[in-house]
Amino acid sequence: MLELDEDPGRFANLGASFHYHFNYLSFRRAIPHPERVVDSCLQILREGAVRIGLDDVTFKEVDWAYCAHRSLRQSGHRRTEVTAGLRELAGRLYTRLNSPEYRASRTYDDLHLAFGALCAVAELQLALPGEIRTPRPLRLVLDRRPFI
């Protein structure tokens, strides 16, 4: 396993496994070892070198939110901590996406990266019912077709 204090370090393992997780769920299979995924997600958010939702908002945020939420849903492991982490990430995304500095950045103008950000918000809306309101409920593309 890669180091936690390196970027991308251990997050690279989570980001890679994310692509398997949504395929497992698409085929109505369980995510392997969901408790360990939850533990890794919480450790990465709290102690990892990757700054999730603090600098750019791209695909790392959907990777984290999806793995944390879907593994929690499957296992119930550390529910209070995961829910708090999901709320923390939602707050980070709200702050970052509404920042004038961020809106003037190249990341904000990149449609591919904006898609990642939108997917993260859609997963957070699903994970935190009633807490993220939009005119129409967002639907994560991965729940319709397993491809990102």
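The model is predicted.

Consider first how empty space is found. Rolling a probe the size of a water molecule over the atoms shows where such space is left. In this structure, 1 cavity of 30 Å³ or more is present. The volume of the largest cavity is about 30 Å³. Its lining is formed by L4, E6, P8, R10, F11, I44, G48, A49 and V50. By class, these lining residues comprise 6 nonpolar, 1 polar and 2 charged.

Two or more residues of the lining come from each of the elements α1 (9-26) and α2 (34-47). Of the elements, α2 gives the most, contributing 6 residues to the lining of the largest pocket. The residues that line the largest pocket include 5 nonpolar, 6 polar and 3 charged.

R92 belongs to helix α4, which covers residues 79-97. Is R92 buried or exposed? The relative accessible area of R92 is 16%; because buried means under 20% relative accessible area, R92 is classed as buried. When residues up to four places away in sequence are not counted, R92 touches L45, I52, G53 and L54.

Notes. Residues are numbered from 1 along each chain as its sequence is written. This is a predicted model: local features need pLDDT of at least 70, side-chain atom pairs count only at pLDDT 80 or more; totals for chains, interfaces and linings use all residues. Side-chain values use heavy atoms; hydrogens and water are left out. On a 1 Å grid over the protein atoms alone, a cavity is a set of points where a 1.4 Å probe fits but cannot get out, and a pocket is an open set with protein on both sides within 12 Å along at least five of seven lines; lining residues have an atom within 4 Å of a point. Grid points are joined across faces, edges and corners, and a volume is the space filled by probe spheres set on the points. Ala, Val, Leu, Ile, Met, Phe, Trp, Tyr, Cys and Pro count as nonpolar, Asp, Glu, Lys and Arg as charged, and the others, Gly among them, as polar. Helices (H or I, at least four residues) and strands (E, at least two) are DSSP runs, numbered from the N terminus. Buried means under 20% relative accessible area, exposed over 50%, partly exposed in between (1.4 Å probe, protein chains only). Contact means heavy atoms within 4.5 Å.
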